[in-house]
Amino acid sequence: MSGNGKSQRRHWIAALLVSLSVHAGLGVMAASAPERPRPVPQVPVEFEVVEVKPPEPEPEPEPEPEPEPEPPPPPSPPPKRLARSEPPPRPKPPREAPPPPNEEPPPETEPEQRPPPIRIGVSLSSTTEAGDMAVATGNTLYGKTDEVAQAPEDVRPYAPTQTEKAPFVPESRLSRPPLPRRGSCPSSPDDYTEAARREGIEGTVVLRVMIDENGQPGEIRVVKGLGYGLDEVAIRLMRNCPFEPGLGPDGTPVRTEIRYHFRFRLDDW
C-alpha cells in the first residue's frame with residue numbers, strides 16, 4: 001500500500017471520529033436539554049350565528065282621563081218671604097143696643113098645605129055639552145053626591161097619596177129573578193117582519209129591561225139588535241109580557257134590571 005492511500009484512510013477515520021464526536025455531543029446536549037411541552041391538540045370551535053330580533057318597543061302609556069269638571073253648585077233657594085205679623089185691629093167701641101120693641105112680633109108660620117078637598121060627583125071630562133040638567137062635578141065618584149052642586153072652578157084634581165117605591169136590588173143579589181108569568185113572552189108568526197123574512201135575517205135580540213116590584217116592565221134598552229124592524233118587535237113583545245117580580249134577599253118583591261133574549265128563527269115563526 002502506498003503512502004497516499006494511508007493518508008486518505010487516516011483522513012476518513014479522522015472525519016468519522018469528528019462526526020461521531022459531534023453527534024455524541026449533540027446527543028448529550030439533547031439529553032440534557034429541558035423537555036419541551038407537548039403541543040395541545042387544537043380542537044375545532046363551532047360557531048352558531050343566531051339572528052336576534054330587536055325588542056319590541058314598549059307601548060305608550062294611555063293618557064290619563066281628564067278629570068270631570070265639578071258640577072256647579074246648586075242655586076241657592078230664593079229667600080223665603082215671611083209674613084209680617086200685624087197687630088190685631090183694635091176692637092170697635094160697642095154700639096148701643098137698640099131699645100127692645102114694645103111687643104114681640106108673632107112667629108112666622110108657613111101656610112098649612114091642605115090636601116085638595118074631595119068633591120063627589122062626575123068628572124068634567126065625562127059630561128057633554130048637550131042637555132040642561134045640572135050635575136054635580138067633582139074629582140071622584142066614590143060616595144054620595146052633595147045636595148047642592150059646587151062651582152066647577154073650585155074643584156081641583158084629586159091626587160092620591162104616593163106610596164114609597166120598593167128598593168132597587170141588582171140581579172146578582174136576588175133570591176129569585178123575575179120570571180114571565182106565562183113561561184115566556186107570547187109571540188106569533190105575524191110578528192116576524194117582511195123585510196127580515198125577505199133577507200133571511202135570523203138571530204137574537206138582547207134587551208135590558210127594568211122590572212118593578214109589581215112585575216111590570218119599565219125602561220127597555222136594546223143591548224144587541226138585528227135591525228129590519230125586529231128590535232121594535234122585541235120591545236113591543238116585552239111591554240106586553242107580565243113578570244113575577246124578583247125577590248130580594250129578604251124575600252120581598254123589589255125593583256131590578258135583567259137581560260132578556262128574543263130569538264128570531266124563520267123555522268120557528
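Tutor: Let's start with a term: a salt bridge is a side-chain nitrogen of Lys or Arg within 4 Å of a carboxyl oxygen of Asp or Glu. This is a predicted model, where local features need pLDDT of at least 70 and side-chain atom pairs count only at pLDDT 80 or more, while totals for chains, interfaces and linings use all residues. Residues are numbered from 1 along each chain as its sequence is written, and side-chain values use heavy atoms, with hydrogens and water left out.

Student: Why is the pair Arg-221 and Glu-257 called a salt bridge?

Tutor: Their closest N and O atoms are 2.9 Å apart, and the cut-off is within 4 Å, so the pair qualifies. Arg-221 lies in strand S3 and Glu-257 in strand S7, so the pair ties together parts that are 36 residues apart in sequence. Strands here are DSSP runs (E, at least two residues), and helices are runs of H or I with at least four, all numbered from the N terminus.

Student: Which residues are linked with these two in a network?

Tutor: Arg-208, Arg-221 and Glu-257 are linked in a network of salt bridges.

Student: What makes Glu-257 buried?

Tutor: Its relative accessible area is 17%. Buried means under 20%, exposed over 50%, and partly exposed in between (1.4 Å probe, protein chains only), so Glu-257 counts as buried.
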